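Work through the exercises below on ring contacts. Each task is followed by a solution in steps.

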Amino acid sequence: MRRARLLIDTRAMRHNLEVARDAAGTRSIFAAVKADGYGHGLLTAARAFSKAETDGLAVATPGEGIALREAGLSERILVLQGALTTEELEAAAARSLDLVFHEMAQLDLLESHAPSLPAGRIRAWIKVDTGMHREGLVPEQVQSARDRLSVSPAVGGTIGLMTHFARADEPNGSATDEQIETFRAVGRDWSGETSLCNSAALLGASTAGGDWVRPGIMLYGGNPFIFGEAAQYRLQAAMTLKTVLVAVRQVPRGEPIGYGGRFVAPESMPVGLASVGYGDGYPRHAPDGTPILVNGQRSQVIGRVSMDLVTVDLRGIEAQVGDEVECWGSGLPIDQVAQAAGTISYELMCQVSGQLRSEATILD
């Protein structure tokens, strides 16, 4: 019976998937559910997108894919980091997961174990580094990797080719255009499936193409760009973090508030105490002025965030103990809170405490 509580709106997730589908056109969709469904719950998110008939699901590791298969999800599951150990490789093959090969050592692993794996159960993708320089084979390695995968008895079907964009969230699309051109050069006459677009590229890079898209943050109502607002793309918040006021007091002019006395009352003022803090996943580094709602009225955080308490400016706001406080969600875009706190909505979603996620109210 925690005062801070999490609301997960799977209706919003399904709506956002439809927005992605409209943008994707004829392309298929791998809905990203990695990082515990971007903090919304792996199975909660996967089942919501499955109900909306997504074409596939994307996860980071084989363990996430295994969890989805064991929960009964039958869609194609793309494992973005691929397999790194014998155990992961065997488990992925047994469950017919799509594996990404982004490192030559993964090909060595496959070749050394292919005879003991079920035939044709792995769908293989090659990830090519087109300019992000995080993971992926360099263009000169792609043909060799393709040849090796094509003769592996453990691999079934054609070999896919994919990449990832480093700067698709920026207003200047020149870097993304360069990556697209590099990808096209590598994939000229490619006979298998291709995939390029994350959320930002899906909404902003109309020339990217590909057979599959891999939206993530947009499915949860976050803005995939470093400019604008999620609402302008018809995206709806899937996560709302709420709590209540546990105290209201008058603080005299000149008195400091909270740890370190960071905020000093500029006048005699009412201050509210909200039952939420960094122990729940609210960002400790949120500065004075970070937006927060009290009874639907926009206010601001003042003073340093504590483990389970946040102090709120109540000047001009009618409030009393027990009144509702919204940290972010349907009434307050999470991107505004993230921007004020010097971070991104992805981090706020993912750092919500496991206890809150396990007790979340699911709106379906």
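**Exercise 1.** State how many aromatic pairs the predicted model holds, then classify the pair of Phe 30 and Trp 212.

*Solution.* The count comes to 8 aromatic pairs. For Phe 30 and Trp 212, the ring centres lie 3.9 Å apart and the planes are 20 degrees apart. Rings pair if their centres lie within 6.5 Å, and planes under 30 degrees apart count as stacked. Therefore Phe 30 and Trp 212 form a stacked pair.

**Exercise 2.** Locate Phe 30 and Trp 212 in the chain, and decide whether Phe 30 is buried or exposed.

*Solution.* Phe 30 belongs to strand S2 (residues 28-32) and Trp 212 to strand S9 (residues 212-213). They are 182 residues apart, so the pair links distant parts of the chain. Buried means under 20% relative accessible area. Phe 30 has a value of 0%, so Phe 30 is buried. Trp 212 has 5%, so Trp 212 is buried.

**Exercise 3.** Which residue has its charged end over the ring of Trp 190?

*Solution.* The residue is Arg 146, whose charged end sits 3.8 Å from the centre of the Trp 190 ring.

Terms used:
Residues are numbered from 1 along each chain as its sequence is written. This is a predicted model: local features need pLDDT of at least 70, side-chain atom pairs count only at pLDDT 80 or more; totals for chains, interfaces and linings use all residues. Side-chain values use heavy atoms; hydrogens and water are left out. Rings of Phe, Tyr and Trp (its six-membered ring) pair if their centres lie within 6.5 Å; planes under 30 degrees apart count as stacked, over 60 as edge-to-face and the rest as tilted. Helices (H or I, at least four residues) and strands (E, at least two) are DSSP runs, numbered from the N terminus. Buried means under 20% relative accessible area, exposed over 50%, partly exposed in between (1.4 Å probe, protein chains only). A charge sits over a ring if NZ of Lys or CZ of Arg is within 6 Å of the ring centre and within 35 degrees of the ring normal.
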